[in-house]
Each structure stands twice: as C-alpha cells, then as structure tokens.
Amino acid sequence: MDRRSILLLALLCQTLVWVQAQNPAPTSPPSTAAQAPAALPEESRKTSKPYTGDLSIFETPGRDERLQINRVMDILGVAPGKAVADIGAGSGWFTVRAARRVTETGIVYAVDINPEAIRYIDQRAEKERLHNVKAILNKPDDPQLPAGSIDCVLLLKTYHEIEKPVTLLRNLRPSLRPGARVGVIDRNGNGENHGVAREVVIREASQAGYALREQYDFVKPDGMDYFLVFTAK
C-alpha cells in the first residue's frame, strides 16, 4: 500500500470516530419498576349507595336490645375516659350512647361523609347536653381522626357502603392507640344489597393490616348479622 492510500485510510478512520462521537448509541430508559413499586389496585367489589334519607330511621324503638349495644360496648372497651370513633355515625345513635359511657372525661368522634348527618349530630349533642362529642365530616376513604388518639372504633351497618374499605382502614391505623379495638357490625350480603359477607370484611381488613381477634353472632337473632373485632397487626 503506497503512502497516499495510507493517508486516505487514516482520514477515513478519523471521520468514522467523529461521526460516532456526535451520534452516541441510545441507552435503555430506567425501569419504572425500579423507580417505584406498582400501586395496588383499589377494591372493585360492589358497594351499597350511602344512605342520605331521613336520619330518624335509625332511632327505632328496641334497637338497643336487638343489637345488645351495651354488650358491644363492653367488648370494645368503651369506658370512662376512653376516646371512641363512630365511623358512619348517621343520626348519632351509637355516638350518644358511647358519649354517656365515656363520661365527660372521654370523647366520641362522630364521623360521617354526609354534611346533613354532621349538622344533625351537632344539634343532637347540644340538645342532649353532651359536650364530649365532636362531629367530623370525613373523606370517603379517610376518617380524618387525630393521630394516636383512638381507643376503640365501631362501624355500625356502614362497612357495606364504603367504596374503598382497604384504603379507609389503612388511613384509620395512624389514629389508633396501641391495642385499640375496631368493631364491624354488618349484615351478610353481596355488597350492593346493604350487606357484605363477613369473609370479605375479614379479608379486606387483613389486607389493610388488621388481625381478627373475635367474632360474634349475638347482634341479631336472625343469624344474618355479625360482629367482628380487629386490632392492628
């Protein structure tokens, strides 16, 4: 190879190096899985439409005896000085009973997504001179209770109306004191018929980080209602 050919070959190599430097090979984008864990899908089961009708429907005579509400409060530990959350409080039927139990040394948070229910409970507490009731207009998936403040919770015939129960129960956890008891009273059903199977509640509570501690069937003589008691794991 003569000197001229060698110079031409060297010039060609230099040109190729310059072109590669100006056009680097594309790199693969970082994996999105490595950036953040995939979000868990929200609950997809059917739920019942939240009640917005006449709140006095919850004040039927004899309801205390049918639900054995005093026994329910004994099991949940509703006692003087305790902080109780009534989630899905409605007319405040359970709220006022718990408020009398905890006395002025305790407090009951009446939680509901219905503004009319909140107004109703505020008026009721004033009329019945219960100064230890605080009504909270919450979000559908967050009870919005103070952190580390709650000793016991009751969801009375409310769970089947909660669209995202796992999310709500997870958002409830920061408000619970150590050993706090969370009670669910509901009726067996398919979710949209104002009831939900107890197995579904137990499974969803487990997904939210709760353990089933006790379960009872005394809250209604027809065998359809159940009472479940959970604590945070």
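The model described here is predicted. Two packed helices are described by the angle between their axes and the distance between the axes.

**Helices H4 and H5**

- On the H4 side, the contact is made by Ile69, Asn70, Met73 and Asp74.
- On the H5 side, Trp93, Phe94, Arg97, Ala98 and Arg101 take part.
- Sorted by class, the residues of the contact between H4 and H5 are 5 nonpolar, 1 polar and 3 charged.

**Helices H7 and H8**

- H7 spans residues 165-172 and H8 spans residues 198-207; their axes come within 8 Å and cross at roughly 50°.
- That angle makes H7 oblique to H8.
- H7 passes H8 in a right-handed crossing.
- H7 contributes Pro165, Val166, Leu169 and Arg170 to the contact, and H8 contributes Glu204, Ala205 and Gln207.
- The residues in the contact of H7 with H8 comprise 4 nonpolar, 1 polar and 2 charged.

**Glu204 in H8**

- Glu204 is located in helix H8 and is one of the residues in the contact with H7.
- Glu204 counts as buried because its relative accessibility is 4%, and buried means under 20%.
- Glu204 and Lys164 are 40 residues apart along the chain, and their C-alpha atoms are separated by 9.8 Å.

**Nonpolar cores**

- In soluble globular proteins, nonpolar side chains tend to be buried together.
- The largest nonpolar core has 31 residues, of which Val72, Leu76, Val78, Val84, Phe94, Leu154 and Phe227 touch the most other members.
- Helices H4 (69-76), H5 (93-102) and H6 (115-127) are among the elements that give two or more residues to this core.
- Strands E2 (107-112), E3 (133-137), E4 (150-156) and E7 (225-232) also give two or more residues each.
- H5 gives the most to this core, with 6 residues.
- Leaving aside residues up to four places away in sequence, Val78 touches Met73, Val84, Ala98, Arg101, Val102 and Cys152.
- Another core lies apart from the largest one; this other core has 28 residues, including Val153, Val166, Leu168 and Ala208.
- Val166 is a member of that other core and is also part of the contact of H7 with H8.

How values were computed. Residues numbered from 1 in each chain as written. Predicted model: local features only at pLDDT ≥ 70, side-chain atom pairs only at ≥ 80, totals over all residues. Heavy atoms only, no water. Axes fitted to C-alpha atoms, helices over the stretch in contact; angles between N-to-C directions. Helix = DSSP H or I, 4+ residues; strand = E, 2+ residues; numbered from the N terminus. Parallel < 35°, antiparallel > 145°, perpendicular 65-115°, else oblique. Left-handed = near helix turned anticlockwise from the far one by under 90°. Contact = heavy atoms within 4.5 Å. Nonpolar A, V, L, I, M, F, W, Y, C, P; charged D, E, K, R; others polar. Core = buried A, V, L, I, M, F, W, Y, C linked by side-chain atoms within 4.5 Å. Buried < 20%, exposed > 50% of the residue type's maximum accessible area, 1.4 Å probe, protein only.
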